[in-house]
Amino acid sequence: MNLEWTDDRCILCTLAPSERLARCSETADFTEEHLIPEAIGGRLTCHFLCQHCNSTLGQIEARLKCDARVRLAIENLKDSLPELWASMSEGQPYLAQGPGGTVGAKLKNGTIRVNSGKRADGSIIQPLNDSAKTVRTILHRRGATHNEISNAEMKFKELPQGSPVKVADGIEVIKWTPDESYPAVNSQGIDPRVLLKMAYEFMALHLGSKIFHDYFDPVRSAFLPSGVAPNCCSVQEKRAAERRYQPFHGLVVKNTASGSVVKIRLFGYLSYLVHFLGVHIFSAKSYSYTLHLDTKQEELV
């Protein structure tokens with residue numbers, strides 16, 4: 001769903017086309033901006049950011065899918081959103097647990113692949129294919145004969161699960177397959193500026209050219225590389241009424257006595273309030289947006 005924007009100024013740098021061309025002609029044009037980041041399945045778009053500013057916000061959004069809360073959300077919705085899970089989890093760190101203990105791993109092409117590394121006892125842990133190459137390399141360096149290398153490769157191919165096998169002099173291999181894996185996450189929360197970005201863009205759809213008011217200058221400054229959430233806004237996490245993950249994202253704005261509040265729901269369960277103090281929406285259009293991630297159906301009311 002793409003919503004119309006009629007002003008020719010960019011909502012972040014606030015420059016008109018001629019000013020953007022003077023700054024950099026290659027990044028002056030408006031580009032498609034996803035209000036909810038595309039990396040987590042967002043589909044609502046609007047052309048109100050120049051390419052330069054779109055790239056700036058992209059850097060702020062870049063680590064969103066690595067956030068612990070977001071990773072746990074998509075992991076819980078893996079069965080209902082397999083394609084989104086695959087795109088969000090590709091290359092992400094995991095912990096793999098099995099007979100050999102718990103080791104670091106990554107998702108590669110939809111498969112958990114353990115990380116190569118050396119343990120305290122001097123042993124090496126590697127994915128199976130890499131281990132076979134390592135054995136060949138060691139034997140080559142030792143000056144092993146072709147028959148010795150062939151015998152080691154044969155033993156390696158016939159490795160039983162979980163039992164140590166001597167494939168050559170001084171080389172013992174244990175093959176084990178992880179029983180389960182789970183995301184390796186840190187405790188850092190979502191960057192408040194990512195949530196502020198979604199709320200600010202949603203507010204722009206309601207305010208139109210009023211989004212260029214001086215009030216929003218500190219908000220726009222927050223998106224600079226060293227920016228922080230401004231005092232005129234508050235970003236708060238709020239418990240969702242239904243404490244379970246669900247395959248939808250949502251945005252809604254409402255007026256309160258102290259200002260306008262944009263409510264953000266991600267994966268049904270993650271809920272945030274972005275409060276623009278002293279600002280009230282008086283618009284003929286007031287949007288409540290829902291994206292059903294499983295059916296890709298969008299609702300704007």
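There are eight helices and 17 strands in the chain, where helices (H or I, at least four residues) and strands (E, at least two) are DSSP runs, numbered from the N terminus. The radius of gyration is 26 Å, well over the 19 Å that the globule rule gives for 301 residues, so the chain is more spread out than a compact globule. That radius is taken over C-alpha atoms, and the globule rule is 2.2 Å times the number of residues to the power 0.38.

Before I go on, the source. This is a predicted model, in which local features need pLDDT of at least 70, side-chain atom pairs count only at pLDDT 80 or more, and totals for chains, interfaces and linings use all residues. Residues are numbered from 1 along each chain as its sequence is written, and side-chain values use heavy atoms, with hydrogens and water left out.

Back to the chain as a whole. Its C-alpha atoms fill a box of roughly 80 × 50 × 35 Å along the principal axes. Buried residues make up 42% of the 301 residues; buried means under 20% relative accessible area, exposed over 50%, and partly exposed in between, with a 1.4 Å probe and protein chains only. Of the contacts with a separation of 6 or more, 55% come from residues 24 or more positions apart, a contact being heavy atoms within 4.5 Å.

Now helix α5, residues 128-142. It has 15 residues and reaches 21 Å from its first C-alpha to its last, close to the 21 Å expected at 1.5 Å a residue. The expected span is 1.5 Å times one less than the number of residues. Which residues of α5 are buried? They are Ser 131, Ala 132, Val 135 and Leu 139. These four cover an arc of only 105 degrees around the axis, which puts them on the same side of α5. The arc is that of the directions from the helix axis to the C-beta atoms. What covers the buried residues includes α6 (146-157), β9 (164-168) and β10 (171-174). On the face turned away from the buried side sit the exposed residues Asn 129, His 140 and Arg 141. Just after the helix, Gly 143 takes a positive phi of about 80 degrees.

By salt bridge I mean a side-chain nitrogen of Lys or Arg within 4 Å of a carboxyl oxygen of Asp or Glu. Arg 136 pairs with Glu 153, the closest N and O atoms being 3.5 Å apart. Arg 136 lies in α5 and Glu 153 in α6, so the pair ties together parts that are 17 residues apart in sequence. Arg 136 is partly exposed, at 30% relative accessible area, and Glu 153 is partly exposed at 28%.

How many salt bridges are there by this rule? The count comes to 10. Another of them joins Arg 69 and Glu 237, with the closest N and O atoms 3.4 Å apart. Arg 69 is in helix α3 and Glu 237 in strand β12 (residues 233-237), so this pair ties together parts that are 168 residues apart in sequence. Arg 69 counts as partly exposed, at 29% relative accessibility.

On α3 itself, residues 68-76, the buried residues are Ala 68, Val 70, Arg 71, Ala 73 and Ile 74. Their cover includes α4 (82-89), β4 (93-98), β11 (180-183) and β15 (270-277). At the start of the helix, a side-chain oxygen of Asp 67 comes to within 2.9 Å of the backbone nitrogen of Arg 69.

A further salt bridge sits inside one helix. Glu 201 and Lys 197 meet at 3.2 Å, N to O. Both lie in helix α7 (residues 192-207), four residues apart, about one turn of the helix. Are these two buried or exposed? Glu 201 is buried, and so is Lys 197. Salt bridges that share partners join Glu 33, Glu 61, Lys 197 and Glu 201 into one network.

Asn 109 has a positive phi of about 55 degrees although it is not a glycine. Asn 109 lies in the loop between β5 (101-108) and β6 (111-114) and is exposed, with a relative accessible area of 66%. Phe 267 is not a glycine either, and has a positive phi of about 55 degrees. Phe 267 is in the loop between β14 (259-266) and β15. Phe 267 is buried, at 0% relative accessible area.

How values were computed. Polar contact = N/O pair within 3.5 Å; in protein donor to acceptor, adjacent residues only side chain to side chain.
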